[in-house]
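Subject: Structure handover and notes

Hello,

Here is the structure for you to look at. My notes on what turned up in it follow below.

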Amino acid sequence: MTTPHRIVVIGATSAIAHQCSRLWAAQGPCDFLLVGRHAARIEPLAADLRARGAGTTTRIVELQFNDTDAIAALAQETGAVDTVLIAHGALPDQAACQDDLHASSSALMTNGLSPVLMAEAFVGPMQRAGHGRVGIIGSVAGDRGRKSNYLYGAAKGMVDIYAQGLQHRLALAGSPVRVTLAKPGPTDTPMTAHLKQNGAKLASAQEVAQRIVNAISKGQPVVYAPGKWAIIMFVIRHLPRLVFNRMDI
């Protein structure tokens, strides 16, 4: 009998996270722990996964992502698993953040500090067990601060530097645990509906999820999704400040 793939999905209602979960369910039996703020919103997604994957089971945990004690308790109770996908986040209104420190604080917590704490909480049991994969969904926004979304970008930049440090720690320890930082470009999800209304070209959540699942499976340190964003962000990161500061992006 095949042992189910034990997977924790943080931010289970994320469109990208659900597409990743569908791909895993299609690969074979999975035991999903689906974590989110509202159990009622997760249940239809859990039913979808059970219907798609033979032998797939699901459990749901309600959690406030800014509750440090709850994060620690969840990781301790769950123990070592095969894969953890940390996918929660929210795209804040940059102008609102500039005028409201509480909005800024919330954006930084939700998109930066909370994912970092989640990863730190779950990687310890994995390292002690000697196996596991951690996938963290960051963003191309974390590659360089831009006027249009620098609070969000700052949070994702924190996640980027954290992932680098965690990968370094695990490498020096000789651990087989692997950490993958995914950097999606603008993706067609409910979070970016306003961008789509304004005519932005968005990648599909299915396309982005496929690249993320493949990268986690390979233990790839960083994956841009779609792949073209690796080239785009390379150019943006290396633009001279004099040129960059004349661009309204």
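E120 is partly exposed, with a relative accessible area of 39%. Please keep in mind that this is a predicted model.

**Salt bridges**

E120 pairs with R169 in a salt bridge, where the closest N and O atoms are 3.2 Å apart. The two residues link distant parts of the chain: E120 sits in helix α5 and R169 in helix α6 (residues 150-172), 49 residues apart. R169 is partly exposed as well, at a relative accessible area of 33%.

The structure holds 10 salt bridges in total. As background, side chains of opposite charge can pair when their charged atoms come close.

Another of these pairs is D82 with R6, whose side chains meet at 3.5 Å, N to O. D82 belongs to the loop between α3 and β4 (83-86) and R6 to strand β1, so this bridge ties together parts that are 76 residues apart in sequence. R6 is partly exposed, its relative accessible area being 32%.

D31 and R59 also form a salt bridge through their side chains, at 3.9 Å from N to O. Here D31 is in strand β2 and R59 in strand β3, so the pair ties together parts 28 residues apart in sequence. For R59 the relative accessible area is 45%, which is partly exposed.

**Helix α3**

Which residues of helix α3 are buried? In this helix, residues 68-78, they are I71, L74 and A75. Viewed down the axis of α3, these buried residues fall within an arc of 95°, so they line one face of the helix. The other side of α3 has D69, Q76 and E77, which are exposed.

The buried residues of α3 pack against three strands and a helix, namely β1 (5-10), β2 (30-36), β3 (57-62) and α5 (101-129).

D67 caps the N-terminal end, with a side-chain oxygen 3.2 Å from the backbone nitrogen of D69. After the helix comes G79, which has a positive phi near 75°.

Helix α9 (residues 228-238) has W229, M233 and I236 as buried residues. They cover an arc of only 55° around the axis, which puts them on the same side of α9. I231 and H238 are exposed, on the face turned away from that buried side. The cover over the buried residues of α9 includes β9 (222-225) and α10.

Helix α10 (residues 241-244) contains V243, and V243 is partly exposed, with a relative accessible area of 41%. V243 also belongs to a nonpolar patch on the surface, formed with L242, M247 and I249. Together the four residues have about 340 Å² of accessible area.

H18 is in helix α1 (residues 15-27). Is H18 buried or exposed? H18 counts as buried, at 8% relative accessibility. The side chain of H18 is joined to that of D48 by a polar contact of 2.9 Å. Setting aside neighbours within four places in sequence, H18 is in contact with A12, L45, D48 and L49.

T180 is placed in strand β6 (residues 178-184). T180 is buried too, with a relative accessible area of 1%. What does the side chain of T180 meet? A polar atom of that side chain lies 2.6 Å from the backbone oxygen of Q220. Not counting residues up to four places away in sequence, T180 touches a list of residues that includes V134, G135, I136 and Q167. Also among them are A215, I216, G219, Q220, P221 and V223.

Regards

How values were computed: Residues numbered from 1 in each chain as written. Predicted model: local features only at pLDDT ≥ 70, side-chain atom pairs only at ≥ 80, totals over all residues. Heavy atoms only, no water. Buried < 20%, exposed > 50% of the residue type's maximum accessible area, 1.4 Å probe, protein only. Helix = DSSP H or I, 4+ residues; strand = E, 2+ residues; numbered from the N terminus. Arc of directions from axis to C-beta. Contact = heavy atoms within 4.5 Å. Polar contact = N/O pair within 3.5 Å; in protein donor to acceptor, adjacent residues only side chain to side chain. Patch = residues over 30% accessible without salt bridge, like charges linked within 9 Å, V, L, I, M, F, W, Y side chains within 5 Å. Areas by Shrake-Rupley, 256 points an atom, 1.4 Å probe, with all protein chains shown as cover.
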